[in-house]
Amino acid sequence: MKFRAKLLEAGSMRQFSNIITTLSKLAKNCVLRICADRLYFIVPEEHSIPYKISVWCILHKNEFFNAYEMVGDTDKNEIYLNFNSDMLAASCGSIRGGGSSVVSLKIKLTHKVSPCITLELELASSNSNSQMCIYDVPVTLVSKQDWVDYQEPEIDNFNISTQMPNTRVLKNIVDKLKKINNKVIINATTDGALSLLVKATTATIETHFKDLNVQSSNTSEDSASVCVDIRKLSQFLTCDAINPSTMVCNIVTNHMLNLCLSHTGFQLKYYLLGIDE
């Protein structure tokens with residue numbers, strides 16, 4: 001097996017660091033799926049048996065990396081690696097702290113006592129020489145028989161797909177609402193309205209957004225709603241660091257909230273199962 005990739009653009013390196021940092025806030029364990037034309041970062045739902053996927057993130061080779069080479073399994077030409085997202089996020093800290101001094105980022109699969117994802121950051125210095133920072137993140141190979149656990153969730157139809165409000169504004173509201181209850185009901189309507197509702201012992205608090213672009217609807221009703229864990233939703237909304245160009249809210253009534261973030265070169269999907277109100 002072989003994998004190596006290189007990033008040269010400052011924006012791509014920062015985005016890579018921001019994506020890894022976001023993943024680290026959602027779960028400690030993550031799976032990296034390496035394919036010939038893209039990378040997948042996959043987060044399984046904690047303690048779920050069988051595995052349920054909570055995060056599905058794709059980085060496209062041609063739009064994200066300046067160089068990319070991999071040789072994987074002889075049948076499917078893929079590699080699956082399990083790693084600690086906190087360790088990888090910490091290794092990316094030099095990208096955030098180094099600013100314009102980071103010249104390049106190389107990512108490769110190595111074997112140093114045990115398998116590792118090795119990050120090599122080239123840093124510019126004032127004397128025209130460069131310095132190299134090297135970080136090794138231990139990984140374990142995922143057995144081929146377990147690959148089936150890390151496939152994209154199949155959802156036949158969302159009842160409503162609508163544009164989401166600004167993530168920073170939304171997070172501020174959610175962080176206030178989670179002090180009242182650990183559940184929030186999210187409701188989207190076919191005319192472009194979205195509401196967040198929490199219930200307290202003596203009151204019900206509801207926040208409304210309107211004039212949102214409805215992507216699609218597949219419901220006989222005028223709306224679709226789902227109740228979810230507000231703490232998990234708040235955790236995910238730290239994703240504003242990756243500055244998505246689009247963020248879409250997909251609802252399967254009483255079953256699932258799916259948030260889909262997109263930007264040049266990557267897409268991140270978050271699956272949050274519904275809970276009883």
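**View 1. Leu-170 in helix H5 of the predicted model.** Leu-170 lies in helix H5, which covers residues 167-177, where helices (H or I, at least four residues) and strands (E, at least two) are DSSP runs numbered from the N terminus. At 1% relative accessibility Leu-170 counts as buried, a term that means under 20% relative accessible area, with exposed over 50% and partly exposed in between (1.4 Å probe, protein chains only). This is a predicted model, in which local features need pLDDT of at least 70 and side-chain atom pairs count only at pLDDT 80 or more, whereas totals for chains, interfaces and linings use all residues. Residues are numbered from 1 along each chain as its sequence is written, and side-chain values use heavy atoms, with hydrogens and water left out.

**View 2. Surroundings of Leu-170.** Setting aside residues up to four places away in sequence, Leu-170 touches Met-164, Pro-165, Leu-196, Phe-209 and Leu-237, a contact being heavy atoms within 4.5 Å. Cys-30 is 140 residues from Leu-170 along the chain, and the C-alpha atoms of the two are separated by 26 Å.

**View 3. Helix H1, residues 10-26.** The 17 residues of helix H1 should span 24 Å at 1.5 Å a residue, and the end C-alpha atoms are 25 Å apart, which agrees; the expected span is 1.5 Å times one less than the number of residues. Helix H1 is mostly covered, since 13 of its 17 residues are buried.

View 4. The protein has six helices and 18 strands, and buried residues make up 49% of its 277 residues.
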